[in-house]
Amino acid sequence: MSVAVVLGVGVLGGLGAVARFLLDGTVSRALPGRAFPFGTLAVNLSGALVLGVFSGAALRGDAYEIWGVGLVGGYTTFSTWMLESHRLSEERRDGLAALNLVGSVVLGVLAVWLGRQLG
């Protein structure tokens, strides 16, 4: 792995994190007072779609590392998804917690499939 790849992953990872912050905030402000974490769902589903496009376009090697791991990896957030699901469960909103877990997985797989078709 070259220094250029490591730097590319770092730069695009940072851009992905900023994009995630902006989209999550925009969605959350558009749906105030909602108990369901729609911002994280929007981030993770759009990231799954983009990664599917990269995969469908046969992005490989250093290009995949930089764009897939860097950009999409910095953009999507597994840990926030898990934390929000746990929070919903702690608040005794078990139905919403289950919906967040199952819905994110099912819709995420569909987003990857759609992205691969588009790529």
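This is a predicted model: local features need pLDDT of at least 70, side-chain atom pairs count only at pLDDT 80 or more; totals for chains, interfaces and linings use all residues.
The overall make-up is quick to describe. Along its principal axes, the C-alpha trace spans about 50 × 25 × 25 Å.

Next comes the packing of the helices. Two packed helices are described by the angle between their axes and the distance between the axes. Helix 1, residues 3-30, packs on helix 2, residues 38-56, at an angle of about 135 degrees, and their axes are 7 Å apart. That angle makes helix 1 oblique to helix 2, and the crossing of the two is right-handed. On the helix 1 side, the contact is made by Arg20, Leu23, Asp24, Val27 and Ser28. Helix 2 answers with Phe38, Gly39, Thr40, Ala42, Val43 and Ser46. Sorted by class, the contact of helix 1 with helix 2 comes to 5 nonpolar, 4 polar and 2 charged residues.

Helix 2 also packs against helix 5. The axes of helix 2 and helix 5 come within 6 Å and cross at roughly 35 degrees, and this crossing, too, is right-handed. From helix 2, the residues taking part are Leu41, Leu45, Ala48, Leu49, Gly52, Val53, Ser55 and Gly56. They meet Ser104, Leu107, Gly108, Ala111, Val112, Leu114, Gly115, Arg116 and Leu118 in helix 5. The contact of helix 2 with helix 5 has 10 nonpolar and 6 polar residues, plus 1 charged residue.

Leu45 gives a close-up of this pairing. Leu45 lies in helix 2. Setting aside its neighbours within four places in sequence, Leu45 is in contact with Ser104, Leu107, Gly108 and Ala111. As for Trp113, it sits 68 residues from Leu45 along the chain, yet the C-alpha atoms of the two are separated by 11 Å.

Helix 5 has another partner in helix 4. Here the axes of helix 4, residues 78-90, and helix 5, residues 94-118, come within 7 Å and cross at roughly 155 degrees. Angles over 145 degrees count as roughly antiparallel, which means that helix 4 is roughly antiparallel to helix 5. The crossing of helix 4 and helix 5 is left-handed. Helix 4 brings Trp81, Met82, Glu84, Ser85, Leu88 and Ser89 to the contact, while helix 5 brings Asp94, Leu96, Ala97, Asn100, Leu101, Ser104 and Val105. These residues of the contact of helix 4 with helix 5 divide into 7 nonpolar, 4 polar and 2 charged. Ser104 of helix 5 turns up here and also in the contact with helix 2.

That leaves the empty space. Rolling a probe the size of a water molecule over the atoms shows where empty space is left. The largest pocket holds about 160 Å³ of space. Around it are Asn44, Gly47, Ala48, Leu51, Val72, Gly73, Thr76 and Val112 as lining residues. Helix 2 and helix 3, the latter running over 61-75, each supply at least two residues of this lining, and helix 2 gives the largest share, with 4 residues. By class, the lining of the largest pocket has 4 nonpolar, 4 polar and no charged residues. Two of the lining residues, Ala48 and Val112, also belong to the contact between helix 2 and helix 5.

Methods:
Residues are numbered from 1 along each chain as its sequence is written. Side-chain values use heavy atoms; hydrogens and water are left out. Axes are lines fitted to C-alpha atoms, for helices over the stretch in contact, and angles run from 0 to 180 degrees between N-to-C directions. Angles under 35 degrees count as roughly parallel, over 145 as roughly antiparallel, 65 to 115 as roughly perpendicular and the rest as oblique. A crossing is left-handed if the near helix is turned anticlockwise from the far one by less than a right angle, and right-handed if clockwise. Contact means heavy atoms within 4.5 Å. Ala, Val, Leu, Ile, Met, Phe, Trp, Tyr, Cys and Pro count as nonpolar, Asp, Glu, Lys and Arg as charged, and the others, Gly among them, as polar. On a 1 Å grid over the protein atoms alone, a cavity is a set of points where a 1.4 Å probe fits but cannot get out, and a pocket is an open set with protein on both sides within 12 Å along at least five of seven lines; lining residues have an atom within 4 Å of a point. Grid points are joined across faces, edges and corners, and a volume is the space filled by probe spheres set on the points.
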